[in-house]
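Please find below a colleague's note on the structure.

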Amino acid sequence: NLVEQQDADHVARMARFSLGIVQAAGETMLIPTDPCKGTLSLSVGFDSGPMVGNVVGTHDRKYTVVGNTVNVASRVAKCAMQGVILCTERAGELLQDQDKGFVIKNQGKCLLRNSGAVSTKIQVLRVHSWGIPNSGMKSRLFL
């Protein structure tokens, strides 16, 4: 949204969403009739910054977002292990300002294609009654 300022808690909302999808994935069986196959597991990365979003296409219309912020978030997700949420240092600092209930740890530098080394924060955690999400089998989501 380039027209209006974002809500004061936009990064905290991204972190809560990330926790929710990792939790939901950890409860979703890969094959519902065969629990031995395990659950879905996601790697999540997020960043905060400018981007542009719009509907593209004439026949197969879909909403898409573009910009360096999107590229960095995708590449940060590729640095994360399954079941882990990574955010950039910029997003981590905003998150700490917006919601003190999150515990984040410095992961160090992550080498990103076309961006060089970027400082990242690891495992965005929040104390919930359900605890830390389960790890499962192979799947990856880039935010």
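The points below go from the overall architecture to individual elements and residues.

1. Overall architecture. The model is predicted. Its secondary structure amounts to three helices and six strands. Read from the N terminus, the elements follow the order α-β-β-β-α-β-α-β-β. The protein has 143 residues, of which 34% are buried. Among contacts between residues at least 6 apart in sequence, 65% join residues at least 24 apart.

2. Packing of H1 against H3. Helix H1 spans residues 10–26 and helix H3 spans residues 89–98. The two pack at an angle of about 100°, and their axes are 8 Å apart. Because angles of 65 to 115 degrees count as roughly perpendicular, H1 is described as roughly perpendicular to H3.

3. Composition of the helix contact. From H1, the residues involved are His10, Val11, Ala12 and Ala15, and they meet Ala91, Leu94, Leu95 and Gln98 in H3. By class, the residues of this contact comprise six nonpolar, two polar and no charged.

4. The largest nonpolar core. Which members of this core touch the most other members? They are Val44, Phe46, Ile85, Leu95 and Phe102, within a set of 16 residues. At least two residues of the core come from each of H1, strand S1 (44–46), strand S4 (85–88), H3 and strand S5 (102–112). H1 makes the greatest contribution, with seven residues. As a general background, nonpolar side chains in soluble globular proteins tend to be buried together.

5. The second core. A separate core is made up of seven residues, among them Val76, Ala80, Val84 and Cys110.

6. The S2–S3 hairpin. Strand S2 (residues 52–56) pairs with strand S3 (residues 62–66) in the antiparallel sense, over five bridges. The two strands form a hairpin with five residues between them. In the turn, Gly57 has a positive phi of about 100°. Within the pairing, Val55 stands opposite Tyr63 of S3, and Val56 has Lys62 of S3 as its bridge partner.

7. Val56. When residues up to four places away in sequence are not counted, Val56 touches Arg61, Lys62 and Thr64.

8. Ser41. Is Ser41 buried or exposed? Ser41 is located in the loop between H1 and S1. Its relative accessibility is 1%, so Ser41 counts as buried, the cut-off being under 20%. Ser41 and Met81 are separated by 40 residues in sequence, and their C-alpha atoms are 9.6 Å apart in space.

Methods. Residues numbered from 1 in each chain as written. Predicted model: local features only at pLDDT ≥ 70, side-chain atom pairs only at ≥ 80, totals over all residues. Heavy atoms only, no water. Axes fitted to C-alpha atoms, helices over the stretch in contact; angles between N-to-C directions. Helix = DSSP H or I, 4+ residues; strand = E, 2+ residues; numbered from the N terminus. Parallel < 35°, antiparallel > 145°, perpendicular 65-115°, else oblique. Contact = heavy atoms within 4.5 Å. Nonpolar A, V, L, I, M, F, W, Y, C, P; charged D, E, K, R; others polar. Pairing = 2+ DSSP bridges. Core = buried A, V, L, I, M, F, W, Y, C linked by side-chain atoms within 4.5 Å. Buried < 20%, exposed > 50% of the residue type's maximum accessible area, 1.4 Å probe, protein only.
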